[in-house]
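I opened this notebook to look up side-chain contacts, one kind at a time. My entries follow in the order I made them.

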Amino acid sequence: MKRFRHAIAAMAIAVMASCSAPRQVSVTTAPSAASSKPVSTGDAYTDYIANYSDMAVRQMEKYGIPASITLAQGILESDAGRSSLAVSCNNHFGIKCHSDWTGRTMRKDDDAKNECFRCYSSASESFEDHSLFLVNGSRYSSLFTLGRTDYKGWARGLKAAGYATSPTYADKLIELVERYGLDRYDTRSSAGRAAVQEQRAVLEVNECRCVVLRQGETLQDIAAEYGIRPAMLRRYNDADRRFTPPAGVNIFLEKKKTRSARDARTHTVKADDSLWSVSQQYGIRLESLIRRNAIGKDNPLKVGMVLLLR
């Protein structure tokens, strides 16, 4: 799907007025977005920490692996989410197939030619498998006798157990922890990430899963919560890096459809509507909406105009 740039960042959007009301398909209990989470800074490492620190903390609470070590390994092994394994396979930790892996794979030169690496459906699945890889690996068992604030012991123990062949692997992990203050996450709890626990409904609009963006949240917050790469979430929602969606809009967790549901064939434009807001309201790709109506993506809509949705 092509990316479209938006000149509509200052708009106020009328939301959830669809002819076909969204259907609630599931409810997950999740912390509200952490307002203290850093915004995009242009530094890939800082952005990686912002996106995945909560995920690392949840893994720490579940399995006892220091969040600082999980984050440092993720940064180092995936080049802060930019490696081919992370981009193509959501593999953030360089975990190879081994004999027990039955999922999707990717071949890549590493210590040897054409080695087999695991592929995951999401970043969160990669973080979970990393934890299980350490928990179930007998050679890593001694690490779990260390305290979760002993990041130096964990870093050296991973190197000694053979997680990586680089002789400076432990030093690199320790350097990352100390440079970015990752050890602050080792004393954090999920309760400490947010003052209030709220229920977030996962809705279904036009047979596509979505959530409603809360006040103060960003696309990066949603991406981190649901283990979706930020770039992919922006594609799903026809949003470039410079566009900040307003609170109250649908944010889709998967690719939108090329046309609307059967019970929503047209939309009559209201004040403050835009092509983007209509595409989000009905779960239609912006490209398809523009093509179906033969209008430019930046053309202003007029109140009372009737847009074809399918």
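**Entry 1: salt bridges**

I counted the salt bridges and got 11 in the structure. I kept in mind that this is a predicted model.

I began with aspartate 79. It forms a salt bridge with arginine 82, and the closest N and O atoms are 2.9 Å apart. I then checked how accessible the partners are. Aspartate 79 is partly exposed, at 33% relative accessible area. Arginine 82 is partly exposed too, at 49%.

Next I looked up aspartate 129. Its side chain meets that of arginine 118 in a salt bridge, 2.8 Å from N to O. Are aspartate 129 and arginine 118 buried or exposed? Both are buried.

Glutamate 175 is partly exposed, with a relative accessible area of 43%.

**Entry 2: aromatic pairs**

I searched the whole structure for aromatic pairs and found 11. One of them is tyrosine 52 with phenylalanine 127. This pair is stacked, with 5.6 Å from centre to centre and 25 degrees between the planes. Tyrosine 52 belongs to helix H1 (residues 44-63) and phenylalanine 127 to helix H4, so the pair ties together parts 75 residues apart in sequence. I noted that tyrosine 52 and phenylalanine 127 are both buried.

I then turned to phenylalanine 144 and tryptophan 154. Their ring centres are 5.2 Å apart and their planes stand at 85 degrees, so I logged the pair as edge-to-face. Phenylalanine 144 is in the loop between H4 and helix H5 (151-160), while tryptophan 154 is in helix H5 itself. The two parts are 10 residues apart in sequence. Phenylalanine 144 is partly exposed, at 29% relative accessible area. Tryptophan 154 is buried, at 0%.

I also asked which residues form one aromatic cluster. They are Tyr48, Tyr52, Phe93 and Phe127.

**Entry 3: cysteines**

I counted 2 disulfides. One joins cysteine 89 to cysteine 119, with 1.9 Å from S to S. Cysteine 89 lies in helix H3 (residues 84-89) and cysteine 119 in the loop between S3 and H4, so this bond ties together parts 30 residues apart in sequence. Both cysteine 89 and cysteine 119 are buried.

Another disulfide joins cysteine 97 to cysteine 116, also listed at 1.9 Å from S to S. The torsion about its S-S bond is about -70 degrees, so I wrote it down as left-handed. Cysteine 97 is in the loop between H3 and strand S2 (105-108), and cysteine 116 is in strand S3, 19 residues apart. I found cysteine 97 and cysteine 116 buried.

I numbered the bonded cysteines in sequence order and read the pairing as 1-4, 2-3.

Cysteine 210 is in no disulfide. Cysteine 208 is buried, at 1% relative accessibility. Cysteine 210 is buried at 0%.

How values were computed: Residues numbered from 1 in each chain as written. Predicted model: local features only at pLDDT ≥ 70, side-chain atom pairs only at ≥ 80, totals over all residues. Heavy atoms only, no water. Salt bridge = Lys/Arg side-chain N within 4 Å of Asp/Glu carboxyl O. Buried < 20%, exposed > 50% of the residue type's maximum accessible area, 1.4 Å probe, protein only. Phe/Tyr/Trp six-rings, centres within 6.5 Å; stacked < 30°, edge-to-face > 60°. Helix = DSSP H or I, 4+ residues; strand = E, 2+ residues; numbered from the N terminus. Disulfide = S-S within 2.5 Å.
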